[in-house]
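Which side-chain contacts deserve a look here? This report takes up salt bridges and aromatic pairs.

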Amino acid sequence: SVQEELPGIAEHYRLRSIELVEDDDKEYHVEAKINPSRNSRRFELFTPDQLRRLGELADRTAGQIRDRDEINQFRADRLGYLRGNRIGAAAAGEAVEALSINTIIEHAEGLTVLTNVRIQLVGPRGNIGGAQAELDCLILGDNAVQEIVSVKLSPGQFRPSTDRSHLRHYYEMQELPFQELPKYAWRNFGQVPRYRDVSGVNVLYSKDLESQQSTLTSFASRYLGRTMVNEIKVTPLTPAPGEHPSGLTLEVTDEQMLIELAREIDKRL
């Protein structure tokens, strides 16, 4: 996005030349030549808060790599590991989410933002299975869902019908008597024997960067309201450059993000 603006700046100010100069993987400056030459200030590719979140993700990912005895595999091709390995690909997806918070909050323009929203089935002995119907971000207005933001590593992964289908489970399950929950879980989330013990549903999510948990009934009463799910806007968010006309983009490319994540993981191995 910076490169695209430089020719216009050069023409407007009658510059002899102007270019973006990379100091290292995290910092750049603009160099302009009139007479004499002068440089802009340095600016960072990642904010301190984004680096902190990437560091926390790197801690978890490094532990998983050690547990699976895949350190040599990771170091043989760091970016390939983050793009293709199961553990690496999951970390890459989480990295986009970790860097996207400020972009989403700015896009929401003061509305309530919930991130990492997912359903947790419960029974008499506690949680049953893993998270279901995960949604990267819900933007809420007037006690109803106004928009879903779908955070993806690449635009090709964007599937708005999947996000709407996931949200529909929250509306449908809140209206079911608890006796019907096992059948619903079996039919929609997989034929898992333990689903016969499902007696309740919790929702896990983050609000104001703090993890929250509530029953589905309480969550629906507070946030969902009445909404036609098929009409809800679903907006993709990907690293730059974006390829979707109505999408949001980060200020970094996927390669810049993965290089930084790989560096942080490598420090911890």
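What follows covers charged contacts, then ring pairs, in a predicted model.

**Salt bridges**

The count comes to 15 salt bridges. Three of them, including one with K26, are set out here.

| Salt bridge | Closest N and O atoms |
|---|---|
| K26 with E260 | 3.6 Å |
| R52 with D49 | 2.6 Å |
| D49 with R53 | 2.4 Å |

K26 pairs with E260. K26 sits in the loop between β1 (17–22) and β2 (27–33), while E260 belongs to helix α9 (residues 254–268), so this bridge ties together parts 234 residues apart in sequence.

Salt bridges with shared partners join D49, R52, R53 and E56 into one network. R52 is partly exposed, with a relative accessibility of 40%. D49 is also partly exposed, at 25%. R53 is buried, at 9%.

**Aromatic pairs**

A search of the whole structure gives six aromatic pairs. One of them joins Y184 and F189: the ring centres are 6.3 Å apart and the planes stand at 70°, so the pair is edge-to-face. Y184 is buried at 5% relative accessibility. F189 is buried too, with a relative accessible area of 13%. Elsewhere, ring pairs link Y170, Y205, F219 and Y223 into a cluster.

How values were computed. Residues are numbered from 1 along each chain as its sequence is written. This is a predicted model: local features need pLDDT of at least 70, side-chain atom pairs count only at pLDDT 80 or more; totals for chains, interfaces and linings use all residues. Side-chain values use heavy atoms; hydrogens and water are left out. Rings of Phe, Tyr and Trp (its six-membered ring) pair if their centres lie within 6.5 Å; planes under 30 degrees apart count as stacked, over 60 as edge-to-face and the rest as tilted. Buried means under 20% relative accessible area, exposed over 50%, partly exposed in between (1.4 Å probe, protein chains only). A salt bridge is a side-chain nitrogen of Lys or Arg within 4 Å of a carboxyl oxygen of Asp or Glu. Helices (H or I, at least four residues) and strands (E, at least two) are DSSP runs, numbered from the N terminus.
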